[in-house]
Amino acid sequence: MLIDWFTVIAQMVNFLILVWLLKHFLYKPILNAIDTREKGIASKLADAEAKVASAQKQQADFEAKNKSFDEQRDAMKAKAEADAKTEHDRIIDAAQKQADGLRASEAAALKDDQAHQAAAIRRMAQDQVFAITRKTLTDLASVTLEERIGEVFTRRLGEMNAKDKYEMGAALKSSPEASPLRSAFTLPDEQKTAIQNALNETFSAVIRVRYETDANAVSGIELTAPGQKLSWSISSYLDSFDQSVAAMVTQETKPEPAAAPAAEAK
């Protein structure tokens, strides 16, 4: 078989020319297009990753802000509840103190009323007892109450025990001024003379006394000296009457026990 080297060489040259043409006009544009597309895809991927990172950062910031908002909301809620409780306690305490003050005022007013009523009843009883006793003594014995009280006082002087008599006498004698002798009424001159004579006789000395009228000496007579006192009145008889009246007034004004609160409806 004969080889046509010219043809072979010509085909080889044609092949090389074809390869160069394909490489220069076909492969290279395709490869360039592929590189360009790869670069575009890589750029888009990088951009997408950047956007994802940005989105994640924004989400983290949003969650952090939500957490901070929740914490602030809880703190404000707790503070509001604490302030409300403090205000509630303050209002309750103020109301309690006001109620206590009102109860104390009412109790004081009630006590004053009781004292005034007791004083009025005592004064009325004193006047009545005084009037009845005076009339009874005048009708039965032809003596006045003043005379009878003076007689009782002089009799008490004579009935003093030795110790009281010594101490009273020493006080009267050592007093630099005349000792006051108080009575609820003005003593007649005869009574003053009788009392003075009884004092001088009882204490074996001239006793200086100063006669005074005192409405508080309830139908009685009282002789005082430094550290000593000798008296008689109907006060002691009225004391038991006062106690009875006070007990009666207290019973009438005693508040009724508060009713038990009704059960709540279910």
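This is a predicted model: local features need pLDDT of at least 70, side-chain atom pairs count only at pLDDT 80 or more; totals for chains, interfaces and linings use all residues.
User: Why does threonine 202 count as buried?

Analyst: Its relative accessibility is 14%, so with the cut-off for buried at under 20% it qualifies. Threonine 202 sits in helix H4, residues 189–203 (a DSSP run of H or I, at least four residues). Leaving aside residues up to four places away in sequence, threonine 202 touches Leu157 and Lys165 (heavy atoms within 4.5 Å).

User: How do you know that the buried residues of H4 line one face of the helix?

Analyst: Gln191, Ile195, Gln196, Ala198, Leu199, Thr202 and Phe203 are the buried ones in H4. Looking down the axis of H4, they fall within an arc of 165° (taken from the directions from the helix axis to the C-beta atoms), so they line one face.

User: What makes strands S2 and S4 edge strands?

Analyst: The sheet is open and mixed, with 4 strands in the order S2-S1-S3-S4. S2 (209–213) and S4 (228–232) each have a single partner strand, so one side of each has no neighbour in the sheet. From one strand to the next, the twist averages 15°.

User: Why do S3 and S4 count as paired?

Analyst: Pairing takes at least two DSSP bridges, and 5 bridges join S3 (residues 221–225) to S4, so the pair qualifies. These two run antiparallel, and glutamate 222 has serine 231 in S4 as its bridge partner. H4 packs on the sheet, touching S1 (179–183), S2 and S3, with its direction at about 140° to that of S2.

User: Why is the pair of tryptophan 20 and phenylalanine 25 called edge-to-face?

Analyst: Rings pair if their centres lie within 6.5 Å; planes under 30 degrees apart are stacked, over 60 edge-to-face, the rest tilted. Here the centres are 6.3 Å apart and the planes stand at 85°, so the pair is edge-to-face. Tryptophan 20, at 52%, is exposed, and phenylalanine 25, at 56%, is exposed too.

Conventions: Residues are numbered from 1 along each chain as its sequence is written. Side-chain values use heavy atoms; hydrogens and water are left out. Buried means under 20% relative accessible area, exposed over 50%, partly exposed in between (1.4 Å probe, protein chains only). Axes are lines fitted to C-alpha atoms, for helices over the stretch in contact, and angles run from 0 to 180 degrees between N-to-C directions. Rings of Phe, Tyr and Trp (its six-membered ring) pair if their centres lie within 6.5 Å; planes under 30 degrees apart count as stacked, over 60 as edge-to-face and the rest as tilted.
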